[in-house]
Amino acid sequence: MKVIQVKCPQCNSPIQSKVRDHLFYCTQCNTMHTRNGGIEKLDYEIGEFNQSAQGERLYMPFWRVYATLVVHSKDVEGGSLFKLTQWIKGASNTGNMFIYIPATELDNAGFRALSGRFTSNPPKYSTRLNFGNVNRLPATISKQEAANLADFVVVTMEAEQPGVLQRLNYTLTVNDTKLVFLPFVKGPQGMMPAL
Amino acid sequence: MADISVGLNCPTCGGAISIPEGDNVVPCQYCGSTLFIEGDQGVSTIAFNLKMQRDNAMGATQQWWRRGWKARDLPKMGKVTETYPIFLPFWKANTKVAGWICGYEERRHTDSKGNVRVERIPKEVMILQDYAYSEIACDPGDLGIRSLKNLTGETGFADFDMIPTFEATTSKDDAIVHAKNDAEARATASARVPNVTFKRLHVFPKSLTMIYYPVWVVRYSYHDRMYMSTVDAVTGQVLSGRAPGDPLFQSMAMTGGAVAGGLVAAGTIIASGAEYMNDGRLALVGVGIGIVILFLAYRFFRHGSERIEGDFKEKKTMKQALQQVQGVAKQLEGLR
């Protein structure tokens, strides 16, 4: 077992950081990589800030999971059935969707709120090439974990609708997972999206 | 999450830094370098520092001799013959569980006319929780230690050239499977849904660490018979041990148990004779309680010649003993 200095797999520059971040970003060549089970360079997107957003700016990492959902059957007691198809593009019980998984450490309520909000209403944003001296929140959730958490988010969104979920027979197939950094501002009421 | 942090030096500037157990990324606070811990096959190995010295271990054992139902002359006649430290390997896994458990609970309501109505209460419970799990990574033999009790103390990355260790004999894959099963079982139990209709739990192994934990082994003699105890070399607590029992306590337990059990059984039989409406049920309950008292007294008598503390395989827990009593009670019910 050994302790090593993390260097960029693209340009070999040392990675500098003040926080415990599992995503390593090279400020020299803009390469992002991770080391869970081996070095993997990551493709990523950076969202542009809404220019009118007020407050301390920062970027929050998300895993955007592109998945195919097939709902075979469901059973809810005591309330109206929530239509999963509201998020699904296309057919009523089968379709593709983007599931947003916060990759940073959040409390349970924050995780549910952000994943539900962006999954049910996917954010629209223009992109930029670098972070422009804006701080990033550290990532703690890996790409592999995000795929499993996507499944959890799907069931959570169904369970949080009126009524009590009793059965949900479905299949979720993950097609692709991409890292996206969404702009946020920190104000008196906490962190708010700044899209 | 366990409160363990590991001390290390930055390979770039030599600064002393610490990293929480289970994590593998840390920024150097002195030079800003990002550091990554490369474990063997992804497993970090750390060791707790041995804090208690030989005299502390012997003292803890001698204090332990005075507690419980051990031989009264043990503090006087017991002689420590050998004391040595050993590092035991443990797997320590941190897991996260995310998922939902849905189902229902049934509640029975009885009205004044004796009609029973069953109310079905649907339930949905979200699980998003971290769990920690540990198990010993070797055959502990007769040491009586099977899991980590203490998770706080100074640690460092292990260098085992100079210290005696038990060799790890169980695989990391087995440890991960056990940790996942443990986390799922605990998450399911925490949901408190009696009748489950839908369950979807994802268990993420967040980290796996091999922890070497120091233990003092103290061997001692009592009337030419050999016994041993183990002492936590971090906290100074006695973890396990065997000690001689006391014949006086054994005979007192047997005599007292027989008298108490007999009195309870006889008392309820007499009371049952005066109560015509109970159909003999009171007597049966009394006899059952008397048998339980007698059984527990016999158990103390039977195993009282040697007092055993710790996680020994052959040692029956009180729960197992009570299950044995329940088995006897069921047989009695069958006879009735």
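B:N24 is partly exposed in this predicted model, because 18 other C-beta atoms lie within 10 Å, whereas a buried residue would need 20 or more. The residue sits in the loop that links β2 (16-20) to β3 (25-27) of chain B. Leaving out residues up to four places away in sequence, B:N24 touches B:F36, B:I37 and B:S44. A separation of 50 Å lies between the C-alpha atoms of B:N24 and B:A71, which are 47 residues apart along the chain.

**Strand pairing across the two chains**

B:F36, one of the residues touched by B:N24, belongs to β4(B) and stands opposite A:I4. The strands concerned, β1(A) and β4 (residues 34-38) of chain B, are antiparallel and are joined by four bridges. They form part of an open sheet of three strands, ordered β1(A)-β4(B)-β3(B), with antiparallel pairing. At the edges of this sheet are β1 of chain A and β3 of chain B, each of which pairs on one side only. From one strand to the next, the twist averages 30°.

A further open sheet is found within chain A, where three strands follow the order β2-β3-β4 and the pairing is again antiparallel. In this sheet β2 (24-25) and β4 (40-42) of chain A are the edge strands; each has a single partner strand, so one side of each is left without a neighbour in the sheet. Two bridges connect β2(A) with β3 (residues 32-34) of chain A in the antiparallel sense. A:F24 is placed opposite A:H33 of β3(A).

**The contact between chains A and B**

The contact between the chains takes 34 residues from chain A and 34 residues from chain B. On the side of chain A that touches chain B, the elements giving two or more residues are β1 (2-5), α2 (143-159) and β10 (164-187) of chain A. Of these, α2(A) provides the largest share of that side, with eight residues. By class, the side of chain A that touches chain B consists of 15 nonpolar, ten polar and nine charged residues.

**Architecture of chain A**

The secondary structure of chain A amounts to two helices and eleven strands. Read from the N terminus, the elements of chain A follow the order β-β-β-β-β-β-β-α-β-β-α-β-β. Along the principal axes, the C-alpha atoms of chain A fill a box of roughly 55 × 45 × 30 Å. Of the 195 residues in chain A, 31% are buried. When contacts in chain A between residues at least 6 apart in sequence are considered, 70% join residues at least 24 apart.

**Domains of chain B**

Chain B is divided into domain 1 (5-48), domain 2 (54-244) and domain 3 (247-335). Between domains 2 and 3 of chain B, twelve residues of domain 2 are in contact with nine residues of domain 3. The side of domain 2 of chain B that touches domain 3 of chain B comprises five nonpolar, four polar and three charged residues.

In soluble globular proteins, nonpolar side chains tend to be buried together. The largest nonpolar core of the model contains 102 residues, of which A:I99, A:I101, A:A150 and B:V231 touch the most other members. Strand β9 (residues 195-222) of chain B supplies the largest share of this core, ten residues. Domain 1 (5-48) and domain 2 (54-244) of chain B both give residues to this core, so the core lies between them.

The surroundings of A:I99 can be given in detail. Apart from its neighbours within four places in sequence, A:I99 is in contact with A:V65, A:A67, A:T119, A:A150, A:V153 and A:V154. A second, separate core consists of five residues, including B:V264, B:I293, B:A297 and B:F301.

Methods. Residues numbered from 1 in each chain as written. Chains lettered and ligands numbered in written order. Predicted model: local features only at pLDDT ≥ 70, side-chain atom pairs only at ≥ 80, totals over all residues. Contact = placed C-beta atoms within 7 Å. Nonpolar A, V, L, I, M, F, W, Y, C, P; charged D, E, K, R; others polar. Pairing = 2+ DSSP bridges. Buried ≥ 20, exposed ≤ 12 C-beta atoms within 10 Å, placed from the backbone. Domains from an automatic or database assignment. Axes fitted to C-alpha atoms, helices over the stretch in contact; angles between N-to-C directions. Core = buried A, V, L, I, M, F, W, Y, C linked by C-beta atoms within 7 Å.
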